[in-house]
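Please work through each task before reading its solution.

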Amino acid sequence: MKFDEIAIIKLCVILLIAGIVYLSCVGVFLFITIFTPNPGFYFMMLTALYWSLVILISLKLLGARRSAVGFILIALPLAIALGGYGYVYYQNNLPRVADGGLLLGDYAPFTSPRIATLERPASLRLEGELPRLYAATALYTVAAAFVQATCPEGDYAPKTSSILAGGGSDIAYERLISGQADILFTAGPSERQLADATARGVELVLTPIGREAFVFFVNPANPVDGLTLEQIRGIYSGRITGWSEVGGRWMTIQAFQRNPGSGSQTMLERIMGGTPLMSPPYEKEVVGMMGGMLDEVMDYRNASNALGFSFLYFVTQMHADVELKLLAVDGVYPSPATIADGAYPLVGDFYMVTAGPPAGNAAQLIEWAQSAEGRELIAKTGYVPWPSEPVKE
């Protein structure tokens with residue numbers, strides 16, 4: 001069956017005009033992205049409107065007998081566009097594990113019922129100029145408990161207080177090195193952070209106060225219950241790419257990472273040893289601390305093929321609303337007991353870090369953190385005190 005030549009010419013002209021209209025719609029979409037939090041919805045609507053107009057015009061032009069061919073040729077791209085948006089929408093609405101979704105104000109001293117407390121007043125009461133504390137997100141509750149126990153009652157909300165703040169480990173070390181904080185609550189520094197401190201003439205003094213498990217987790221629907229250290233290195237080096245290679249289903253492993261310099265990413269790099277990490281999934285470009293454009297590492301999304309990592313408290317307490325399954329490593333499941341007795345293989349210390357030897361109130365607070373009272377608060381918060389022996393009630 002041959003198409004009428006005039007009809008074909010008309011169709012080409014119509015498609016050309018429709019293409020110009022579509023480009024105009026794209027321009028409108030780009031303008032909309034400035035003012036709306038969900039531009040993908042409007043992109044879908046503009047795409048659907050464009051193809052609907054093309055379908056209607058083509059059906060009219062080709063006539064009833066040829067309408068089925070026209071519908072298939074033009075409806076197929078529409079289905080692909082809508083299906084693509086549906087997949088992106090599904091990915092963007094999966095539960096996430098990320099620092100950005102947490103409200104540290106929910107753990108503010110003197111206002112939050114979530115803060116661990118002593119049964120009696122602390123033996124230390126800080127007076128005068130208080131040390132400025134900055135805590136990695138997962139350790140903010142420890143710092144908040146210390147403030148509530150030893151500092152005068154007041155407003156220590158993270159957005160307004162000059163005494164207590166929290167966020168990423170990378171920001172924490174930058175604040176300490178630049179003199180904007182007196183004590184950090186964080187995991188150990190990365191090689192880059194150590195080099196940065198040395199280059200700027202700052203000596204990092206690390207006082208261990210607790211221990212925490214570094215854990216890997218998956219969606220509960222994933223049948224895999226554990227991995228070996230060798231398998232973890234294989235996955236994050238890119239050598240192992242499918243769950244079927246480690247006893248799971250026939251699915252590609254989507255192995256998420258964290259931004260460089262974060263405490264958990266630094267821990268992963270230590271586990272890898274000399275094995276290079278594969279490139280992580282990226283989300284978008286963001287403005288870095290020095291003004292340049294950097295790729296932001298995609299947050300963990302709880303899909304059926306996902307693999308993520310973090311610290312035990314962060315996952316089980318600060319993200320308890322996300323259904324996750326913790327994996328055993330080398331046959332040992334992470335728990336306070338296996339952290340304390342050393343059976344779980346991925347255990348790291350966390351520290352109170354100062355720029356040079358501590359003095360004044362900072363020194364008093366660090367000394368108190370190592371006392372029975374400080375260790376009791378660390379245990380009540382959900383961590384294992386350092387050294388990791390049980391706290392006597």
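Two strands are said to pair if DSSP finds at least two bridges between them, and strands (E, at least two residues) as well as helices (H or I, at least four) are DSSP runs numbered from the N terminus. The model is a predicted one, in which local features need pLDDT of at least 70 and side-chain atom pairs count only at pLDDT 80 or more, while totals for chains, interfaces and linings use all residues. Residues are numbered from 1 along each chain as its sequence is written, and side-chain values use heavy atoms, with hydrogens and water left out.

**Exercise 1.** Determine which strands pair with β5, and over how many bridges.

*Solution.* Begin with β14, which pairs with β5 in the antiparallel sense over nine bridges; here G210 has F350 as its bridge partner. Next take β11, which runs antiparallel to β5 and is joined to it by five bridges, with F214 standing opposite F311. Then come strand β15 (residues 384-385), antiparallel to β5 over two bridges, where V384 is the partner of R211, and strand β12 (residues 325-326), likewise antiparallel with two bridges, where K325 stands opposite V218.

**Exercise 2.** Decide whether strand β5 is mostly covered or mostly open.

*Solution.* Apply the cut-offs, by which buried means under 20% relative accessible area, exposed over 50%, and partly exposed in between (1.4 Å probe, protein chains only). Of the 15 residues of β5 (residues 204-218), 12 are buried, and the strand is therefore mostly covered. Among its residues, F214 has a relative accessible area of 0% and F216 one of 1%.

**Exercise 3.** Classify the aromatic pairs F146 with W368 and F214 with F216.

*Solution.* Recall that rings of Phe, Tyr and Trp (its six-membered ring) pair if their centres lie within 6.5 Å, and that planes under 30 degrees apart count as stacked, over 60 as edge-to-face and the rest as tilted. The structure holds 11 such pairs. For F146 and W368 the centres are 5.1 Å apart and the planes make 80°, which is edge-to-face; this pair links distant parts of the chain, since F146 belongs to helix α4 (residues 140-150) and W368 to helix α11 (residues 360-369), 222 residues apart. Both F146 and W368 are buried. For F214 and F216 the centres are 5.4 Å apart and the planes stand at 85°, so this pair is edge-to-face. Finally, F214 and F216 form one aromatic cluster with Y236, F309 and F311.
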